[in-house]
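Subject: Structure for you to look at

Hello,

Here is the structure you were expecting, with notes on what turned up in it. Please read them with the structure open.

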Amino acid sequence: MWSDFIHPSWAFITLALILPFLKGTWWRALLLVPPVVALIAVISMSHGSHGLVNYLGIDLVMGRVDKLSVVFGHVFAIQALVGMIYAFHVKDRAHHMAACLYVAGAFGCVFAGDYLTLFIFWELMSVASTFLVWLNRSPVSTRAGFRYFLFHTIGGLFLLAGLLLRYKALGSMAFDPIAPDGARIYDYLILIGFCVNAAVVPLHAWLPDTYPEATIPGAVFMCAFTTKTAVYVLARAFAGFEVLAIAGTAMAVYGVLYASIENNARRILSYHIVSQVGYMVAGIGIGTAMTINGAVAHAYAHILYKGLLFMGAGCLLHAAGTAHLDKLGGLVRRLPWVMILYMVGAVSISGVPFFNGFISKTMTIHGAVEDHRRIIALLLEVAAVGTFLSVGIKLPYFAFWSKAENTMDLKPIPKNMYIAMAIAAGLCLMQGLYPQMLYRLLPNPVHYVPYDAWKLLQASLLLAFTGLGFFFMRKVIQPHAGRNLDFDALYRLVGKALTGSFTRPLAAVDNVWTNVYRLVGVKVLMTTARGASVFDRKGIDTVVDGTAYTVRGFGRFSSRLQTGRLQDYLAWTIIIALVLFAVVWAVADLGY
Amino acid sequence: MRRLFGEKLDNTRKQNIKAWKTGFWIFLGLLVGANFFIHPHHAEFGLDAHPGFWAAFGLLVTVVMVFVMKKIIQPMLVRPEEKIDVE
């Protein structure tokens, strides 16, 4: 069976493992190998279950291949290639290792046929992506990375609790569709775990909090894989769950509302991930063949244009040193190609005809209308207006125009960044012009024609008059410096209260104990010490000295491990966990 | 080359700003005009049977969204950038 299936993760994991040992800079050429291998693997794999492993009596399926997993694998491979080209100039090996492991995790999740395999790759993604934030190496990123990791760990624990309870109840780890009316509490725990990664409001705040603080290429990777892997698992297991239809619609609107008041270009784009993923979650929640198709098509298109938008914003940040719109402006004269390539992404996300957002977004909305979900369809149109307003007009207007001339120092932008953007832009346009490129990959048969006179006119009316609205309100919408409170403020409040509930009683106990110790303990101790010192001088010294040297030696070794940095502990945990897995497996296999 | 291209892009906008604006208004007029002849297959929301519905929808949503979010909601939510992170 293995001959029909090469797991796309292997090439990425292999590269991540050998990177630290390669000398010079030639290794950068290797960065392009895993995505190409993955693309070939995805195109050539045959449908069915591959990579079956029995681990401690549980049947693991590493490679479940069907239309749904292949379409995600397809776009993941393409985006990995685009991302690697965009990151090509980066000399930091750790960054490439983190990116490789992150992408490997995403592929692992998509092809996982059981919950245990899914969970392992899910956590790999979470850890590796945290490093993509930390490697930005600034105090703000470090703090944001901690918050990100904490939040995803909590999400992962929900997933773990759900899958263990499910295993106990059903005796199966199989990762299959769940019927909405038969869902039990453990299914909902799994759903919560998935919703954290899908950035479902109100579990979304990690996303706009963290993505703007990641490294420039790191954010390009992150915007593609985490939320879309979550969309995949939701589509796989939770199609037709009404709660998702409502939550998705709420996300779509919530994201655009926040984006309209944001100042940081990368944070605007982050809120639009929440919004765009909202369309997908809503489509999955409605659960008809057309809305599922719409959700999957939108995920595919979204990965391409959102990556392009993050690459464009990344170019601004790279060149100008800031992505804050109040500090930018007037850059069209100096970065015209960044503007043009960014605009391709912007019109794609806005659903302008002949770009790929149009052929996927309208499919989801049309599916909602066909299922007579009028309010959902109308709110998705509101989100479409807000998307064009913020990403299509506001962001480029205040970055590239709005000021007469920009005289700030600009760092030159590496050529590979332009090449990556051009590839993404080309794909966005090609898919818009030839919808069959995308439609033939979709899980259900497609009975939808994106281009007819009315659909073109409706989109043009909606977007053109959004433009007019912007023209009227351009003074009001002017971005200002500042950070808008979101649900993360609430999480922090809860966190602080929780910490307080432990630390305050402990501090009180500690206070009392200190007093008692000072009054009673010290006197007792002094008396004992006097006695002991006599005994010590006479007999013990010689024996103890030898032990002391040993203890000191061990102390030195362990102090080297205990750096006090979560980053190190995390790396050690993974290494130790891998070794433990291997040992348990080997021991179990030998029949002990 | 890039510098020249950028200047050209910027200048075409600046030097012909009037023409661009007039062109935009004409474009909007044409779209609404076309709406009298091209209709949806069946109106799904009731009001969308009328020509110009989606034009009014786009304009209204934009103006209300910007006004409410910038003038009413943001003043309640915004904090200095540094403070919120360190807290």
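The angles below are taken between lines fitted to C-alpha atoms, for helices over the stretch in contact, and they run from 0 to 180 degrees between N-to-C directions. Please keep in mind that this is a predicted model.

Two helix pairs in chain A

Two packed helices are described by the angle between their axes and the distance between the axes. In chain A, the axes of helix 12 (residues 289-320) and helix 16 (residues 415-433) come within 9 Å and cross at roughly 145°. The crossing of helix 12 of chain A past helix 16 of chain A is left-handed. On the helix 12 side of chain A, the contact is made by A:A301, A:L304, A:Y305, A:G307, A:L308, A:M311, A:G312 and A:C315. Helix 16 of chain A contributes A:M417, A:A420, A:M421, A:A424, A:A425, A:L427, A:C428 and A:Q431. By class, the residues of this contact between helix 12 and helix 16 of chain A are 13 nonpolar, three polar and no charged.

Helix 16 of chain A also holds A:I419. A:I419 has 14 other C-beta atoms within 10 Å, so this residue counts as partly exposed. Its C-alpha lies 7.5 Å from that of A:Y86, although A:I419 and A:Y86 are 333 residues apart in sequence.

The second pair is helix 4 (residues 93-111) of chain A and helix 9 (residues 216-237) of chain A, whose axes come within 10 Å and cross at roughly 15°. Helix 4 and helix 9 of chain A are therefore roughly parallel to each other. Helix 4 of chain A passes helix 9 of chain A in a left-handed crossing. From helix 4 of chain A, the residues that meet helix 9 are A:H95, A:A99, A:Y102, A:V103, A:A106, A:C109 and A:V110. Their counterparts in helix 9 of chain A are A:G218, A:F221, A:F225, A:T229, A:Y232 and A:V233. This contact of helix 4 with helix 9 of chain A divides into 10 nonpolar, three polar and no charged residues.

The hairpin and some backbone details

Strand 1 (residues 48-55) and strand 2 (residues 58-65) of chain A run antiparallel and are joined by seven bridges. Within this pair, A:L52 has A:V61 in strand 2 of chain A as its bridge partner, and A:N54 stands opposite A:D59 in strand 2 of chain A. The hairpin has two residues between the strands. A:L56 is found in that loop between strand 1 and strand 2 of chain A. The phi of A:L56 is positive, about 50°, although A:L56 is not a glycine. Is A:L56 buried or exposed? With 12 C-beta neighbours inside 10 Å, A:L56 counts as exposed.

A:H372 also has a positive phi, of about 60°, and is not a glycine. A:H372 lies in the loop between helix 14 (356-370) and helix 15 of chain A. A:H372 has 9 C-beta neighbours inside 10 Å and so counts as exposed.

A cis peptide bond joins A:V201 and A:P202, with omega at about 5°. A:P202 is in the loop between helix 7 (185-197) and helix 8 (206-210) of chain A.

Chain B has four helices and one strand. From the N terminus on, the order of its elements is α-α-α-β-α. Of the 87 residues of chain B, 16% count as buried.

The contact between the chains takes 42 residues from chain A and 41 residues from chain B. On the side of chain A that touches chain B, the elements that give two or more residues are helix 6 (139-170), helix 13 (336-349), helix 15 (374-400), helix 18 (453-473) and strand 3 (483-484) of chain A. Helix 18 of chain A gives the most, with 16 residues. By class, this side of chain A has 27 nonpolar, eight polar and seven charged residues.

The two chains also pair through strands: two bridges join strand 3 of chain A to strand 1 (residues 78-79) of chain B, and these strands run antiparallel. The bridge partner of A:N484 in strand 1 of chain B is B:V78.

Regards

Conventions:
Residues are numbered from 1 along each chain as its sequence is written. Chains are lettered from A and ligands numbered from 1 in the order in which they are written. This is a predicted model: local features need pLDDT of at least 70, side-chain atom pairs count only at pLDDT 80 or more; totals for chains, interfaces and linings use all residues. Two residues are in contact if their C-beta atoms, placed from the backbone, lie within 7 Å. Ala, Val, Leu, Ile, Met, Phe, Trp, Tyr, Cys and Pro count as nonpolar, Asp, Glu, Lys and Arg as charged, and the others, Gly among them, as polar. Two strands pair if DSSP finds at least two bridges between them. A crossing is left-handed if the near helix is turned anticlockwise from the far one by less than a right angle, and right-handed if clockwise. Angles under 35 degrees count as roughly parallel, over 145 as roughly antiparallel, 65 to 115 as roughly perpendicular and the rest as oblique. A residue is buried if 20 or more other C-beta atoms lie within 10 Å of its own, exposed if 12 or fewer, and partly exposed in between; C-beta atoms are placed from the backbone.
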